Amino acid sequence: MGIVPIFVDDNTGEGLYSFVYDGNLEPEYDRIMNLWSNVQYVSEYFLNNLKYLKDPFFDGQSLDSLISLIYPEVLELDDMFQDYNEAGFGQFAKTLQQIFRPLFDDDYRLSIYQSAKTSVQRGRIKLLRIYAIRMGPNAYVITGGSIKLTKKMQDHPDSNKELEKLEFVRRYLKSNNFLIEDDLKDIL
Amino acid sequence: MKDFKKRIENISTPVESKWRENAKQRRSNKWLTYSGEIAKRILSVLENRDDLNQSKLAEALNVTPQQISKIVKGQENMTLETIYKLSQALNCELIIFPTYKWNLVELGSQNQISIRSELKLNLPFSQIQPEPVLQMGNFNRSKVASPTMYVAHLASNVETTTVANKIKTGS
């Protein structure tokens with residue numbers, strides 16, 4: 001258990017990390033991207049969650065078209081992070097907090113150990129969500145991700161589990177004294 | 001932040017992310033989108049067939065179950081032969097070829113023939129209606145069963161090279 005770099009600045013250590021949970025052989029970010037690239041997994045996921053697809057959010061889209069929406073989102077997420085990675089960590093480069101935003105829409109302030117999320121930038125229906133904990137303006141650790149099926153995360157067991165994972169990683173960072181009081185003014 | 005890198009090292013684990021390689025593979029192998037679409041169709045047929053599953057499909061195609069597993073994940077670069085065999089085993093078309101509708105034949109100066117074609121997208125062949133064919137010269141419509149035969153018939157009568165060139169350029 002711990003964190004692994006996805007792409008980071010060799011000098012400062014800032015960048016994107018992924019959490020690795022006990023018993024998992026791959027980082028959480030790799031795991032979810034591989035799952036979402038697997039048509040069989042995605043098809044079965046929607047088939048097992050048919051009752052959620054009646055929500056107006058899905059705009060009456062067929063199962064067939066919903067499955068087909070996932071892979072292009074995976075490619076777009078790849079592009080988003082790859083573009084960020086290629087831009088580097090220079091003074092004028094974007095920071096990760098421009099990609100990740102606070103998890104809760106009414107949370108307008110950035111804070112330490114804050115839960116965050118990101119999704120593709122375009123598209124009428126955005127189905128994939130990646131969740132992370134903010135370790136600094138330009139340092140996030142991915143805790144997991146889900147196919148969004150309900151407006152509130154608590155309303156679906158899988159996204160509810162993602163909330164638990166966010167809390168687990170937050171506690172892990174705190175218990176390992178990852179951030180100390182002196183850091184606060186730098187982070188906010 | 002002070003010693004940020006050092007603190008990261010304290011909580012890091014030796015597992016390595018393969019995101020970079022995986023993303024590169026996804027980005028460079030655009031055909032994976034096609035593979036995914038075929039996988040989706042195979043899965044939907046299997047979902048509705050009690051007499052067929054992935055193991056039986058592997059037997060029917062004389063391939064390993066692992067290969068079928070890779071196909072239904074949408075991660076296999078299938079040959080046309082494999083797609084054809086899958087279609088036969090599933091008794092279902094997995095891909096549909098767009099059909100050219102030969103819709104206008106024009107006779108220009110010096111007996112040059114030009115053929116305008118229109119690609120009808122996303123229509124199965126069965127839905128393509130036969131187009132009325134213009135009568136030209138000694139052309140006998142009753143002898144023509146398909147657009148290909150129609151072109152062959154035209155070519156055999158007048159200005160073969162012109163017709164062939166027009167077809168090549170798709171004009």
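This report covers the sheet, the cores and the chain interface of a predicted model.

## Ground rules

In this predicted model, local features need pLDDT of at least 70, side-chain atom pairs count only at pLDDT 80 or more, and totals for chains, interfaces and linings use all residues. Residues are numbered from 1 along each chain as its sequence is written, chains are lettered from A and ligands numbered from 1 in the order in which they are written, and side-chain values use heavy atoms, without hydrogens or water.

## The sheet

Six strands of chain A form an open, mixed sheet in the order 1-2-6-5-4-3. Strands (E, at least two residues) and helices (H or I, at least four) are DSSP runs, numbered from the N terminus. Two strands pair if DSSP finds at least two bridges between them. The edges are strand 1 and strand 3 (101-102) of chain A, each pairing on one side only.

Strand 1 of chain A runs antiparallel to strand 2 of chain A, joined by six bridges. Five of the seven residues of strand 1 of chain A are buried, so the strand is largely enclosed by the rest of the structure. Buried means under 20% relative accessible area, exposed over 50%, and partly exposed in between (1.4 Å probe, protein chains only). Strands 5 and 6 of chain A are also antiparallel, with eight bridges.

## The cores

A nonpolar core is a set of buried Ala, Val, Leu, Ile, Met, Phe, Trp, Tyr and Cys residues joined through side-chain atoms within 4.5 Å. The largest has 40 residues; A:Trp36, A:Phe46, A:Phe81 and A:Phe100 have the most contacts inside it. Elements that each supply at least two of its residues include helix 3 (63-87) of chain A and helix 2 (19-28) of chain B. Helix 3 of chain A gives the most, ten residues.

A:Phe81 touches, among others, A:Phe7, A:Ile130 and B:Trp19, not counting residues up to four places away in sequence. Contact means heavy atoms within 4.5 Å.

## The interface

Here 32 residues of chain B are in contact with 51 residues of chain A. The two chains bury about 3400 Å² between them, and carbon and sulfur atoms give 56% of that. Buried area is the accessible area (1.4 Å probe) that two parts lose on being put together, summed over both. B:Ile11, B:Trp19 and B:Arg26 supply 23% of the area that chain B buries against chain A, more than any other three residues.

Three salt bridges cross the interface. Each is a side-chain nitrogen of Lys or Arg within 4 Å of a carboxyl oxygen of Asp or Glu. A:Asp79 forms a salt bridge with B:Arg27, with the closest N and O atoms 2.5 Å apart.
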